[in-house]
Amino acid sequence: MAHSINRVAVIGSGTMGGALSAHFANAGMDVILLDIVPNKLTPDEEKKGLTLSHPAVRNRIVNLGFDAVKKSRPAALFAAQLADRITVGNLEDNFDLLRDADFILEVIVENLAIKQQLMARIDAIRKPDSIIATNTSGIPIKDISANCSASFKQHFIGTHFFNPPRYLKLLEVIPGPETLSDVVEFVKDFGATTLGKGVVLCKDRPNFIGNRLFAYAGMYAMRYAFENGYAISEIDDITGPIVGHPKSATYRLGDLVGIDVMYHVGNNLYDLIPEDEDRATVKPPEFIAEMVKRGMLGNKSKQGFYKEVKTEKGREFWALDLKSFEYKPTEKTFYDSTTNAEIYETLAERLRFIVSQEDRAAKFIWDTTAHYLAYAAKRIPEIADDIVSVDHAVKWGFAHETGPFETWDALGVADAVARMEREGITVAPWVKEMLATGHPSFYSDGKYYDPKSKGYCPIPQSKNVIALKGQRVIQSNDSASLIDLGDGVACLEFHTKMNALDEGIAEIATAAMEEVNKNFVGMVVGNQGEAFCAGANVMTVGLAANEGKWDDIDRIGKQLQNFTLAMRYSPKPVVTAPFNYVLGGGCEVAMAGSRIVAHAESYVGQVEVGMGLVPAAGGCKELLRRIVSPAMQTPNTDPLPSLQRVFELIGMAKVATSATEAIQMGFFDSATRVVMNRDQLIAEAKRTVIEMVAEGYRPPARAKIYAAGERMLAALRIAIYSMVQGKYISEYDAKVGDKIASILCGGNLTAPAWGDEQYILDLEREAFVSLCGEEKTRERIWHFLSTGKPLRN
């Protein structure tokens, strides 16, 4: 049966349910959000004379959840207007709305009896082909649907999202014993393509994959730290990015998740896995129980392992002393093992170095890692049949750089196993068999070790994913490569740090345009690094400015301008594929394409003013072309509103926090294709190139840009003056703002005029070079390079 989902119902408007309703709206669906009816009036409702039958009272719980969604930070919605896609109601007055839902997702309290009662009600009202899902994190799927009809069971499935669902990639899909195979395959594709998730198929075992391993690793690490006298901040200092984990590390992550959640998950899991030889480890330590008793629940209660404290120095985060239960100032901890490991570029090198050392940090990292790896191996095949699913679950659910088996490979499997056994850590028999039969690692040449077949198997690849690694390289240098994607489509890939623009990229880009025009039907500009492009290489600019090499700065700017113009007017379609950071020069490159295929999570803006500079690779020109020039096609139009909009985008360094916002703000145009799954971005961009060729693509005519002249320049200068007088900006901010205003209004034009793009581009470079000559700009550049933060001077 062919399934489609256009209308989604989410039952439960708590933190997770509300966030999921927002993400379905992000994905373009109409959403119904329902919750229970209150059984008691609040004091405020009593004062107003309301009764339990009043609509405002009956929808109070769902409205509170919906309001939390709209106010959430980081934002649950791609753009505020998407809240209009969500209809709220309650489970008594509005239950009939479920009749038209294609997908019904339950996100209510983790109580089997209550879930079963709800499922019975849904079973009586659902349309025959609707899919019903539960977001349970621990109750067996088969038990939740046990009393439902055969059709219900065939269309019932577990979909375990991770919070916050907009930002965390993992979606664990858990079929029930009677779930139809086509339903499973559809939900997997829906999760990956429509919702942008990394989908892992799980067995119906307690806590599935991600939380099963997290519960073990988290409780083991916290208990080990407590018993061996490690401080909370000490552990967080050594268990973050240095070992491939997020900055939330160990205890900060606990505060984010919720101490009460950790406590209940651990206790529930302990009861559900009597056959697990390591079940005692998942039972929370006594200090966790005491924290719950005292209301120290983490971020939600504003105190957990950490608490924000006001001191004479300002706001500080103090850490909990788990023996006295008092909060104390933290001190940064340094160990030779973790400090010296920073010289190594790769995680594998850092881990191997750290675990070879003998200090407290090294002992903690080795012991906790070794037990975690051993536990993961022992859970095969209980929670998953393959190691790839386990590694994906950990990476996508907890933002780890590597999963357990990839980590084991990084350490060296044979060496790690030998050390584990010397220290009395039980290693799963299948791992020892793997080594004994001549398989030295879990992964090898794009394959993974399968314990069942006792050999290497190809890692499954989605038809919607193209990996740039391994593709034929046409040209390359240290900064960029031109890659053959097949079917006549090339890809210009940046690979500098944060993919910052430099002369090496300009060199390959120039050659790429020539190569594509001769031998390819079109080109994608994209990569699979940390960011699409975080701007120009400001180190190069700063050094040249310090040495007074103004011609070199102008030449680099001219190269980048020529590149963006060549992209825009290429006779072959050039599709840009932005994602994550699309800032400064990265924004200019993204805007220059014939078409944009953007990942939904794109953070887009012209942020050069933060370093005392202006966009100089076509950014000012392009926003004039996109926003001001179209408005001025209508006779007698006042240019100030659209001009002011562009001025604020650049002068206030406004950043869109999603591709949807980037379209609304004008950085991306209305033809932009938004892709939810970043893994599919290059493939979608390639597909778009091929479609454009098939449609007979022709480059646009050379654009004329409207320059508003001196009257509008005067108006913008008045606005800048007012900002200074109101102390919203510094005197130097005003100087930079004046340069931006001058570019946007056409420099010294005394009257409005339509001119060619090169005129505005020349003004951009002139302003950029002149600002590089200012001491305060150079101060900003070096402050940013040393701190990563903008300087107000």
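This briefing walks through a pocket, a cavity, a helix packing and an aromatic pair. Welcome, and please keep in mind that the model is a predicted one. The second largest pocket holds about 470 Å³ of space, and the largest cavity has a volume of about 50 Å³. Elsewhere, helix 17 and helix 20 pack at an angle of about 100 degrees, and a search of the whole structure turns up 25 aromatic pairs.

**The second largest pocket**

- This pocket, with about 470 Å³ of space, is lined by 22 residues, and those closest to its centre are Gly651, Met652, Met723, Ile729 and Asp733.
- Helix 27 (640–651), helix 30 (710–725) and helix 31 (731–745) each give at least two residues to the lining of this pocket.
- Helix 31 contributes the largest share of that lining, with 5 residues.
- By class, the lining of the second largest pocket is made up of 14 nonpolar, 4 polar and 4 charged residues.

**The largest cavity**

- The structure has 1 cavity of 30 Å³ or more.
- The largest cavity, about 50 Å³ in volume, is lined by Thr564, Arg568, Glu588, Met591, Ala592, Ala617, Gly618, Lys621 and Glu622.
- At least two lining residues come from each of helix 24 (550–568), helix 25 (585–591) and helix 26 (619–631).
- Sorted by class, the residues around the largest cavity are 3 nonpolar, 2 polar and 4 charged.

**Helix 17 against helix 20**

- Two packed helices are described by the angle between their axes and the distance between the axes.
- Helix 17 spans residues 360–378 and helix 20 spans residues 413–422; their axes lie 11 Å apart, at an angle of about 100 degrees.
- Angles of 65 to 115 degrees count as roughly perpendicular, so helix 17 and helix 20 are roughly perpendicular to each other.
- On the helix 17 side, Trp366, Ala370 and Leu373 make the contact, meeting Ala416, Arg419 and Met420 of helix 20.
- The residues of this contact divide into 5 nonpolar, no polar and 1 charged.

**An aromatic pair**

- Among the 25 aromatic pairs found in the whole structure, one is formed by Trp430 and Tyr449, which are stacked.
- The ring centres of Trp430 and Tyr449 are 6.2 Å apart, with 5 degrees between the planes.
- Trp430 belongs to helix 21 (residues 429–436) and Tyr449 to strand 13 (residues 447–450), so this pair links distant parts of the chain, 19 residues apart.

Notes. Residues are numbered from 1 along each chain as its sequence is written. This is a predicted model: local features need pLDDT of at least 70, side-chain atom pairs count only at pLDDT 80 or more; totals for chains, interfaces and linings use all residues. Side-chain values use heavy atoms; hydrogens and water are left out. On a 1 Å grid over the protein atoms alone, a cavity is a set of points where a 1.4 Å probe fits but cannot get out, and a pocket is an open set with protein on both sides within 12 Å along at least five of seven lines; lining residues have an atom within 4 Å of a point. Grid points are joined across faces, edges and corners, and a volume is the space filled by probe spheres set on the points. Helices (H or I, at least four residues) and strands (E, at least two) are DSSP runs, numbered from the N terminus. Ala, Val, Leu, Ile, Met, Phe, Trp, Tyr, Cys and Pro count as nonpolar, Asp, Glu, Lys and Arg as charged, and the others, Gly among them, as polar. Axes are lines fitted to C-alpha atoms, for helices over the stretch in contact, and angles run from 0 to 180 degrees between N-to-C directions. Angles under 35 degrees count as roughly parallel, over 145 as roughly antiparallel, 65 to 115 as roughly perpendicular and the rest as oblique. Contact means heavy atoms within 4.5 Å. Rings of Phe, Tyr and Trp (its six-membered ring) pair if their centres lie within 6.5 Å; planes under 30 degrees apart count as stacked, over 60 as edge-to-face and the rest as tilted.
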